Amino acid sequence: MSKRIYTFLIVLFGMIFAVSSYLVYDNLRQSKKSKDLYDGLVEQVRQEEQSAAQTPEPEEKTMLPEYAALYEKNENLVGWIRVPDTRIDYPVLQTPDSPNYYLRRGFDNEYALCGCPYAQENCDINAPSDNIIVYGHNMKDGSMFSDLMQLESREFWETHKTLTFDTLTERQEYEIIAVFKTVVSDNEAGTFPYYRFVNAADEREFDSYIARCRELALYDTQVSAEYGDHLLTLSTCEYSRENGRLVLVAKRMEENAK
């Protein structure tokens, strides 16, 4: 090997190492920045919740006090998602006129690799739609919707059968109907386009959607839903297959809504 080629290879490998090191550093920096941002939001919401618990609830529907300050910071806020005993404890945003806006943006609207959980643009949070669909990344650092993977286990579900999704005006609890895996593909033959179900045309369409969710479920929860129930769907990437998704479908427990 000539000295010139040897020198070229040394320089090339040095450049590759430098670029790789920077990318690793930048990912770690982005991860810490996002963690600090959302940890701060969680702390703020918890403090407001504690204060609100000591005051009587208003008779008229108004914005929940724990979300008022956050809404002032970002009017795209539509709710808050929380799964007990996981790191899923985040604001949920929505931009009807700009789908996927928060795919790579944080709550502060700045670039963020992990993005922020967001509701599908054609879902009506307040009406509400028959099905509210919320997306979140499956990040390697365990943030966003990564902990949905714990619900692949029936054992974990046995002690975690409910989750909460608050709107800005109502505290809501949901019961898990099904957790399943599917694939998102341009050629949808043989796949389940769960993201297309927002409002049922009739009872038959609603029942068909629930039946398909339960058919694909990783385990039987013995929980179903009937026409008129309100659903919540959480979706994240699942890496056992190309374009794989892990999906959780739950129904609103009306008697617990406030």
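**View 1. Overall fold of the predicted model.** From the N terminus, the elements follow the order α-α-β-β-β-β-α-β-β-α-β-β. This gives four helices and eight strands, helices (H or I, at least four residues) and strands (E, at least two) being DSSP runs numbered from the N terminus. The model is predicted, with local features requiring pLDDT of at least 70 and side-chain atom pairs pLDDT 80 or more, while totals for chains, interfaces and linings use all residues. Residues are numbered from 1 along each chain as its sequence is written, and side-chain values use heavy atoms, without hydrogens and water. Of the 258 residues, 45% are buried (under 20% relative accessible area; exposed is over 50%, partly exposed in between; 1.4 Å probe, protein chains only).

**View 2. The surroundings of Gly 142.** Gly 142 occupies the loop between strand S4 (131–135) and helix H3 (154–158). Gly 142 counts as buried because its relative accessibility is 7%. Beyond neighbours within four places in sequence, Gly 142 is in contact with Arg 87 and Asp 147, where contact means heavy atoms within 4.5 Å. The C-alpha atoms of Gly 142 and Thr 86 lie 9.6 Å apart, although 56 residues separate the two in sequence.

**View 3. A surface patch of negative charge.** The patch gathers Asp 202, Glu 203, Glu 205, Asp 207 and Glu 226. Patch residues have over 30% relative accessible area and no salt bridge, and like charges are joined within 9 Å; a salt bridge is a side-chain nitrogen of Lys or Arg within 4 Å of a carboxyl oxygen of Asp or Glu. Asp 207 belongs to helix H4 (residues 203–216) and counts as partly exposed because its relative accessibility is 34%.

Conventions
Patches are made of residues with over 30% relative accessible area and no salt bridge: like charges are joined within 9 Å, nonpolar side chains (Val, Leu, Ile, Met, Phe, Trp, Tyr) within 5 Å. Accessible areas come from the Shrake-Rupley method with a 1.4 Å probe; for residues, only the protein chains shown count as cover. Lys and Arg count as positive and Asp and Glu as negative; His and the chain ends are not counted. The place of a charge is taken as NZ of Lys, CZ of Arg, CG of Asp or CD of Glu.
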